[in-house]
Amino acid sequence: MHELFAEVLTRKDLSKAGDLFSLEDVAIEKDLSDVVEKICQIVDTADYEINDNDQSVVEICITRLTTAIRETNSVEKHASALVGLLEVCQRHNLTQSKKDEDPPHVKIASDIMSCLFMYYNKGEVMKLAIPAAVKFLNSDNADLSRNVSSYLSLAAIDNADFLVIHIPLLVTSILKGNYLLSQVMPQIYVQNTDPVDSEVDNFVSLLTKCDVTERICFIQLLGCVAKRKPTILEPHIPVLSQYLQSSMFGPLVLSIFVNMATANPAAFVDHLDPIKKTVETQPMLMPLVAQIVGAVGTVNKTEAKNSMDYLVSQLSCKEQTTLPLILSEIRALGLTNNVLLLERFEEIIKLSSSGSSAVRLIIQQIKEDLHKYAGDREMKSVSSQTEGTITVITVGNPPNATHPSGTVSVKTTMLPSAGTSSQQSLSKSSRASSLTAGLPSDRASSPASTLVSEKLSVNSGFAHLGSTHLHEPIRDGVQHFYERHLSSVKDYIASLNIRLPLPAKCCVVNGRHKNFMRLFFQCSCQTDACLYSSSYFTVNTKLPKTWIYLMFLSVQAQSTCALSQQDSNVSCLKACWDALHYDRGNSSFLTLVTSLFPTAKDQDTMLQELHSVRYFDIFEFSATQKSWVCFVCNHPEKLSPLLQDGLPNIAGQLKEKKGKWKFLKRWKTRYFTLSGGSITYSKSNLFKEMLPVSQIQSIKAVKKGIRDIPKAFEIFTADQTYVFKAKSNQNVEQWVQCLHIAVARSKNGNDAAAKPSTVVLNRPRSAIMSDTKL
């Protein structure tokens, strides 16, 4: 063990603990496991909870060793020792006091788990950390349990297998009130279904007790259950139907009902009214409703007639993109109830002149079905004489779509005449694997559905449509590329967002010598006290290529289908790229966005750039909200002690670095007060100097490197820089936070008084702005 660490931990010398940060990371890395073992001995003593000196020494040592682990990327080497410290903490008191203060062992456990789960993508680390972390779910500390739940949500992204054996414990914790764990369950349910299946009734009862985000996770979990054992949810159809009118929950519940109706359509005979009413407020959900109604139509003749009447009545709906889906269900019902189809044929045939080639094709298929069952004499007036076209139609969204859009893409190929018309005979089993527009591609649809993506020989009476209507829409290279890779983009951005924040906007500014790109970051939470509710944290980047590419990928990931260069967000990013590179002959925008995703090394470089501008002094990733938020929104409990009458207020001694010449500057102690809109300090008994907050452009904590704990901070105005030093890092954090709040409120107040506008640049005629919302 390094001699300084040994001296601090053996003698518990707090006066020398701060010197640990002067050591190089590589010089102490090999001793970190020994340091952790020594800390275990200290915290495992009976008097540790009441010994403030020992607690302070341990806190500083843990901060130093976790920083060294991050900087040397040696977590695998020391994971076992860190997990051992977690196990020591579990043997001690973890219950919050009446003052909502955490015991010292909880603080240690939180710091260690934060260090370990930062590497949630490292399997060997998670293999050790997860079993130790889940044990904290048994504690009576609600805050600690929620923190563990957030960490497990991250771990489940790449390490669901390690969580499977702990499902019974997770289920127990959820039923005790730790609803945040619901985020983990959908990812691991399939590998161990019994503990969840046995508690389905209780999970349904929790829907009214949890918040919106947790309710979505619970409904997603019930959706997983519906795929495997749909019948066990049948008693809860009335409860789930209560959420159909919600635009947020309706699509999820209907997806569950589709799976249940596929397995047992009779269960929905008495529950169709609320399902049908969903379409009145959310017409885009008609494809899901049609599948459920079509499935119920297979129960008996009475239900078949009711389903046929309803589906035909929906042919006059305004959402024309849903017509192919409704007609497909009508056709499927008609295959087993051809008399019903013949009775409504006049209403259906009216759509023959529809502008949609997909609608005309399905009507032609219905004609052929009736020709088969009704005979040549009855269908002679609607029969055709020749054939020769093969048409392939794809209806619905890509596999990762969230909401159905009813898009239709058609390709046509001419073949030699076959001489006789093709007949389609779809069995009940083939209908069960039919149209799934708006649903994940692996989900089976109702028995009353029929294959829409198929090869059919169509009569020449249909040939008058011509190639004008049947050719696939022209797509540019970007859209064509991302149609095949959209799912990969979504996965990449989902994992990237945890590690790296993405800008809300970007722009290109015409600088004195060359164009440069400016990024605009915003807090995603934006509470009333938010630091960046109406302003932005700006960064002039030296890495425009990678940032533009990541912003483009984020735009694609948020879309339900691949976007082309004609999309407004994509075209804005392309304009930024062209403004940067039009005069240098560099690669095209298409080449950029179809290249390999930015690597881990690229991400490290971008993180370093954000570190250099002190982005992480203000923002941090919220595991609960799964987004980057400012420290005020993420820690609202820390806000009230800093405010007085709603305004930041702090006073105390600070050392100011003053001197005419840089090499002669000295620290001078003065008494400073931040109150309202200005900072004042006494230079003498008779004279006070004042600095208005409105003149402050930025505040930064002074660090020698990323790993250092700051004790000094700088204030920048248009023409001067002030350097101050506080007594401790905790004190400097309070000053920096108060100043950030004061400056943000000053700017927000000015913004509110000004006219609404976008970002104003020095040279607006030569600037390109991208308002892409990420």
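Reader: Is R91 buried or exposed?

Author: Buried means under 20% relative accessible area, exposed over 50%, and partly exposed in between, with a 1.4 Å probe and protein chains only. R91 has a relative accessible area of 55%, so the residue is exposed. Please note that this is a predicted model, in which local features need pLDDT of at least 70 and side-chain atom pairs count only at pLDDT 80 or more, while totals for chains, interfaces and linings use all residues. Residues are numbered from 1 along each chain as its sequence is written, and side-chain values use heavy atoms, with hydrogens and water left out.

Reader: Which side chain meets that of R91 in a salt bridge?

Author: Side chains of opposite charge can pair when their charged atoms come close. A salt bridge is counted when a side-chain nitrogen of Lys or Arg is within 4 Å of a carboxyl oxygen of Asp or Glu. Here the partner of R91 is D44, at 2.9 Å from N to O. The two belong to distant parts of the chain, 47 residues apart: D44 is in the loop between helix 3 (32–43) and helix 4 (52–72), and R91 in the loop between helix 5 (75–89) and helix 6 (104–117). D44 is partly exposed, at a relative accessible area of 34%.

Reader: How are helices and strands assigned, and how many are in the chain?

Author: Both are DSSP runs numbered from the N terminus: helices are H or I with at least four residues, strands are E with at least two. The chain has 32 helices and 17 strands.

Reader: How many salt bridges does the structure hold?

Author: There are 16 salt bridges. One of them joins the side chains of D197 and K229, at 3.1 Å from N to O. D197 lies in helix 11 (residues 194–197) and K229 in the loop between helix 13 (212–228) and helix 14 (237–241), so this pair ties together parts 32 residues apart in sequence. D197 is buried, with a relative accessible area of 13%, whereas K229 is partly exposed at 32%.

Reader: Which residues are linked in a network of salt bridges?

Author: The network links K305, D309, R344 and E347. Within it, the side chains of R344 and D309 meet at 2.4 Å, N to O. R344 is in the loop between helix 20 (338–343) and helix 21 (345–349), and D309 is in helix 18 (residues 301–313), 35 residues apart. R344 counts as buried at 16% relative accessibility, and D309 as partly exposed at 26%.

Reader: With which residues is G652 in contact, leaving aside its neighbours within four places in sequence?

Author: Contact means heavy atoms within 4.5 Å. On that basis G652 is in contact with R670, Y671, F672 and W735. G652 lies in strand 10 (residues 647–658) and is buried, with a relative accessible area of 15%.
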